[in-house]
Amino acid sequence: MRVAVAVFPGSNCEHDVVRALGTLGAEPELVWHRETDLEGFNGVVLPGGFAHGDALRTGAIAALSPIMEPVRRMAESGKPVLGICNGFQILCEAGMLPGALIANRDLAFICRFVEVEVVDTGTVLTAAAEPGQMLRIPLNSYEGNWVDPARTGRVVVRYADDPNGSQDRAAAVANEAGNVVGIMPHPERASDPLLGSDDGLVLLEGFVRSLRASVPA
Amino acid sequence: MTTMETPVYAQLGMTEEEYRSVVSILGREPRPAELAMYSVMWSEHCSYKSSRAHLRRFPTEAPWVVVGPGENAGVVDIGDGWLAAIRIESHNHPSFVEPYQGAATGVGGILRDVFTMGARPVALWNQIRFGPLDQPRNRYLFNGVVGGIAGYGNAVGVPTLGGEIEFDDCYSGNPLVNVMCLGILRKEQLVLGTAGEPGNVAVLLGAATGRDGIGGASVLASASFDEEAATKRPSVQVGDPFEEKKLIEACLELYERDLVAGIQDLGAAGLSCATSEPAGRAGLGMDVDLDRVHLRETGMTAPEILMSESQERMLAFVRPDNVDEVLEVAERWEIDASVIGTVRADDRLVVSHDGELVADVPAASLADDAPLYHRPVERPGWLDDLWSRPFQPGEVPVIDTLLDLLRQPGVGSAAWAYEQYDHMLFLGTVVGPGHDGSLLRVAGTGKGLAVSTDGNGRLCLLDPRRGSARLVWEAALNVAVTGARPLATVDNLNLGNPEKPEVMWQLVEVVEGISGACEALGIPVVGGNVSLYNETDGADINPTPVVGVLGLADPMPALPPRLDRAEPGMEIWLIGPEPTDNFAGSHLERLHGPAGGRPTAADPEVGLAVIDEAVRLAHVAPVLHDVSDGGLAVTIAEICIASGVGATIELEGTAELFGEDPHRFVAVVTPGWDPPALGRRIGVMGGDSLRIGDESVSVAALAEAWRGAIPEAMRS
């Protein structure tokens, strides 16, 4: 089943996402941000990076890119939509996920493995995980600190400790329907024991399972 | 100090003699734009005029060398149709004037050097040196440089796998910021910095040209510092990693579609260099129309456009029938592109601006006719005095000394810095920062590329030849403990003022030391950089060559050794020669006072045997760790901290525990293995404390000291 991996100018994790999803049997394809049609795709991933150079505010310009229109239609029709790191920031800026991501509490970029706990298995990302399952996955962000003043967000994965000040220790957040998920740590970077962990696979497998259950647009 | 009486050539950093050679080449007085071009191209930074004669000593040939020194990056064959491109550069002077942008643009520049060759940059390292962190200005510089590396490297989307950090008084007035980049490419994608054939069109890609960085190569990088350094800030360029990211992707697409005949990045000396060098290499000339250059600001003069070091620009040489396609690729990646010139059949570089001729010079003369100086060389008189005063520690309290060493910012954990760098992108980092060498897997090949860089200013002050040779041996051993065989070297020679005969002697000795070690190892030098005039107010830095060794693990070990793989019950072995009582240049010596004594020399025969052993053991041992900064006690402590397991060590004596003699590494193995000829069992892993003789300390206390080294110093 086909999954679109959106590429904005400044995206940089798109090839890693393609590689990790490809090994799990999905058919990922890179799609440039000016594309206005995602017909035939079962779902979409917004990968990490620095879309549009983080100009203005991280994710702010990307949220207005042409591809976000079909992404929004997919989200509204219940198809799996996953934002990783910068993709999570873009989904918040686009209003497809609640809250916003601001600078880390210590005002420093953080790149290291963190422990997270799956607290909600009813989403397209966590469908294959056990409730309470602990995972070791790399965090890699400066604006990873999720804030949600309205407290409407559905936290699906939590940091075991508090690396960046994120509200409710949220590492991943979903919309009400559970088909749109943003996650700050990178599951694709924990996809091979040789790289230090393959704990991210259970999340990506859940996403691939959700793609399979989804009818192409 | 510039006055009305100072001639223009002197304001541009040229000597009278150099000016006279320009007049003689042209047969007339140069026009302003011509003088500007010669001044930057003939600067120390661009022309290597003081060092070039000596750099010829380097061994540069091997069957696997595809491109040696002189191009933008060295390129070696790693088999199965793959090539690796590697390059190291310095950005010392800009980083002192403006640490964040100085470091950031250093990263940007080294990336362009590598993707100019047709390679995708896959990893960055940096080697950075500062004065002690108890001085606020040094903390500011360190923080700014790390911030610049992180800010640029992360956003441009190339992982930074660490490097090395050293602190010493001599860098207070002159920090060192060296950056290294590795790229990989398919053989057929190799591109060179050549203009190709007459009629080819020069297309300027990327950022608009502005007034930033004018004279960066001549005014800033090729002169010493004084109190007026801050006034040189406008000579520092400003980086934009987003522009560079788009430029990388656009260029890689141009290579993939075979749309360029040659390409050159715009770094030091800007358009002056990017037009003259590729034309000169092809034995051709070029017509350049500066009115076609896309500019960031109005009213720029021809010399300004030619000297500007605005970042994130490339000059591609394109067959006329491919120009439209090149412009389409640029448009798709949202970068600007201008057709600015055409390659000529003769050897003239002819530049026009505002419809007028502003330069007409032999293109090759800008590079090939640069001055070559044989500066006086003299061994410093103070060296014998230093050698006569070796540091003799006698017996020291083992655990207190170990904790003191671990608390040194140059010995303790560098996580404060490297956790600010994205070091995991591209899913290739098998052995990352915090280890002796980095190991990257090359997707789909079963091969791994290992890289290690080493520098040690104090060691090289005491004996530049022995010191620099030991750097090569250490870097080679560091790649070997990941399972890789050394393949090639790059070097960055950071030295003081070459107009002093003692500094020139250090240069000659360093080149000899590196060359000798490389010959013994059978590896070529494929590229390098020389940074001179690292002095402030007349005081030179310690001679600080930085050596990078690239190694190939083929095949890569199934589970390459890492520091965190030790388990209770495993045996600890020390492989290598018996240590001597020589502490010259060691961290124990740094703790206790001034440098003295003559460092132990590398032993090529032993060094080769130890490297062979390390490569073999990398396929069976869970942990291999080089004995270097701080000696064996620190080596063991780092394994304990990373693995969260204690150890009992049956060794004693200051030389055994804290000496830094070369060619030694530790292997942690399961009992019952086949012991290597050069090895001896020195202890066993287990418990939650490190015991050495009758002293002991908890692993938690070791970890606290080690992890706190930089954070504590930054809070002081």
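Please keep in mind that the model is predicted. The predictor gives the complex an ipTM of 0.96 and a pTM of 0.95. Together, chain A and chain B bury about 2500 Å², and four salt bridges are found across their interface.

**The interface between chain A and chain B**

- On the chain A side 28 residues are in contact, and they meet 29 residues of chain B.
- Of the roughly 2500 Å² buried between the two chains, 59% lies on carbon and sulfur atoms.
- The size of an interface is often expressed as the accessible area lost when the parts come together.
- Eight residue pairs, both members at pLDDT 80 or more, are in polar contact across the interface of chain A and chain B.
- Three elements of chain A each supply at least two residues to the side that touches chain B: helix 1 (14–23), strand 6 (110–118) and strand 7 (134–141).
- Strand 6 of chain A gives the largest share of that side, with four residues.
- Sorted by class, the side of chain A that touches chain B holds twelve nonpolar, nine polar and seven charged residues.

**Chain B as a whole**

- Chain B contains 25 helices and 28 strands.
- Its C-alpha trace spans about 85 × 55 × 45 Å along the principal axes.
- Chain B has a radius of gyration of 25 Å, which agrees with a compact globule, because one of 716 residues would have a value near 27 Å.
- For confidence, the mean pLDDT of chain B is 94, and 97% of its residues reach 70 or more.
- Where pLDDT is low, predicted coordinates should not be read in detail.

- Side chains of opposite charge can pair when their charged atoms come close.
- Over all chains, a search of the whole structure finds 58 salt bridges.
- Within chain B, a salt bridge joins the side chains of Arg87(B) and Asp113(B), at 3.5 Å from N to O.
- Arg87(B) sits in strand 3 (residues 82–90) of chain B and Asp113(B) in helix 7 (residues 99–115) of chain B, so this pair ties together parts that are 26 residues apart in sequence.

Notes: Residues numbered from 1 in each chain as written. Chains lettered and ligands numbered in written order. Heavy atoms only, no water. Contact = heavy atoms within 4.5 Å. Buried area = accessible area lost by both parts, 1.4 Å probe. Polar contact = N/O pair within 3.5 Å; in protein donor to acceptor, adjacent residues only side chain to side chain. Nonpolar A, V, L, I, M, F, W, Y, C, P; charged D, E, K, R; others polar. pLDDT = per-residue confidence, 0-100. Rg over C-alpha atoms; globule rule 2.2 N^0.38 Å.
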